[in-house]
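This report goes through selected features of one protein model. Look at the sequence and structure below, then read on.

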Amino acid sequence: MAALSAWFWNERFWLPHNVTWADLADPAPGVEYPKAGHLLAALPLALGIFIVRIIFERFIASVCARGLHIQPGAGRRAQPNAVLEKVFTSITKNPDSRHLDGLSKQLDWEVRKVQRWFRHRRNQDKPSTHTKFCESMWRFSFYLGIFIYGFQFLWQCPWMWDTRHCWYNYPYQVMTPGLYHYYVTELAFYWSLMFSQFTDIKRKDFLIMFIHHLATVSLISFSYANNMARVGSLVLCVHDASDFLLEAAKMANYSKYQRLCDSLFIVFSVVFFITRLIIFPVWVLNSTMFESWAIIGPYPSWWVFNVLLLLLQVMHIFWAYLIFRIAFKAIMRGKVCNDVRSDIESSSEEESHSPTEGLKASTHTPKGENGTNGHCAAARARTQNHSSW
């Protein structure tokens, strides 16, 4: 284990030339440099955040949902049928025409009635609008709170106004309590998302979102371990700026305030484009790639960090394209289209499914459900995300 640890924490990878771990191990009195062990505090904090979330959704968000007439009642349930239930649980939840014809003859039902039974059966396992509203309200509250905290903290920091301060005297930069709390809270939140993903609303991109949360945790931890927390705090703030707007749009959608939903989505789209396609590359990437090169020079972990940020920018461009597509269709149709990530299918008796186009990004936006006209789109890029690198 000692050999593995020595290989992993190789100074020539993590630190600039002529800097060793020993140089950072014994700072002056009252001075604290980042240490990887500090990040362990995020694990119990993540558990605490998860518990707070359960309490918040059950006692605060639920009350707000009822106040907006969003009831926790279940939707239409499929009538009991042993034959169809066996097919649903053992063979397929989405029978093709061959299965439908066979079941129709076996039960002496019309094919349309069999289709409707499977649709109702799929929907009855899905969470209600009430559950989704509570989930979105929790994320909205956290994203808004952490963005306000981060912005207020960075407002007082010199590196927000001159990003070259991210690299002056690097890596001998003090880890202040405010920066530490900001970083560890963000890290803990994404750890909590990884935990809660197994109990949250299940979506088609479960694996993609799990990998996204894992990558976010890795990026935050990586930037903290080699003391790039100053520029990392800028990255976090830029990504937090649009996440709460997306969750607010989803809440408006679940509450059937369609005009408010569409307006919030437009504001979200504008903020997303400005922060992810202008501020991030011009302000953050310019600093990490060019200002840092001029001040401290490149080294292995510097290359890794910048490659990861460039990949993140590629994802921003892809997500922006998806948002633009949703916005374009909204203009053409007069409303925002549904998200392909929806976990609720249409339950209209006529089986008329509206076309769904949207995002498969670090977002969590279902479409309108169970006969509602909610069509507010979703895009949580946290990231998320949220987010959310």
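This is a predicted model: local features need pLDDT of at least 70, side-chain atom pairs count only at pLDDT 80 or more; totals for chains, interfaces and linings use all residues.

Although His 69 is not a glycine, its phi is positive, at about 65°. Most residues other than glycine have a negative phi. His 69 is exposed, with a relative accessible area of 69%.

Asp 108 is another non-glycine residue with a positive phi, here near 60°. The loop that holds Asp 108 runs between α6 (97-107) and α7 (111-124). With a relative accessible area of 70%, Asp 108 is exposed.

## A cis peptide bond

Tyr 170 and Pro 171 are joined by a cis peptide bond, with omega at about 5°. Most peptide bonds are trans. Pro 171 belongs to the loop between α9 (158-161) and α10 (177-196).

## Annotated transmembrane regions

An unreviewed UniProt entry lists residues 36-56, 140-161, 181-199, 264-283 and 303-324 under "transmembrane region". Two of these spans can be described further from the model. Residues 140-161 are 91% helix and 0% strand, and the C-alpha atoms at the ends of this span are 27 Å apart. For residues 181-199, the content is 84% helix and 0% strand, with the end C-alpha atoms 27 Å apart.

## Helix α13 and a nonpolar patch

A nonpolar patch on the surface is formed by Ile 266, Val 270, Ile 274, Leu 277, Ile 278, Val 282 and Ile 317. Together these residues have about 610 Å² of accessible area. Helix α13 (residues 258-295) supplies the largest share of the patch, six residues. Ile 317 lies in helix α14 (residues 300-333).

Helix α13 also has a kink of about 55° at Phe 280, shortly before the proline Pro 281. Just after α13, Gly 297 has a positive phi of about 80°.

## Cysteines

How many disulfides does the structure hold? There are zero. A disulfide needs the two sulfur atoms within 2.5 Å. Seen from Cys 134, the closest cysteine sulfur is likewise that of Cys 64.

Are these two residues buried or exposed? Cys 64 is partly exposed, with a relative accessible area of 32%, whereas Cys 134 is buried, at 4%.

Definitions and conventions: Residues are numbered from 1 along each chain as its sequence is written. Side-chain values use heavy atoms; hydrogens and water are left out. UniProt positions are given in the numbering used here, feature names are shortened, and annotations may be inferred rather than shown by experiment. Helices (H or I, at least four residues) and strands (E, at least two) are DSSP runs, numbered from the N terminus. Buried means under 20% relative accessible area, exposed over 50%, partly exposed in between (1.4 Å probe, protein chains only). Patches are made of residues with over 30% relative accessible area and no salt bridge: like charges are joined within 9 Å, nonpolar side chains (Val, Leu, Ile, Met, Phe, Trp, Tyr) within 5 Å. Accessible areas come from the Shrake-Rupley method with a 1.4 Å probe; for residues, only the protein chains shown count as cover. A salt bridge is a side-chain nitrogen of Lys or Arg within 4 Å of a carboxyl oxygen of Asp or Glu. The bend at a residue is the angle between axes fitted to the seven residues ending there and the seven starting there.
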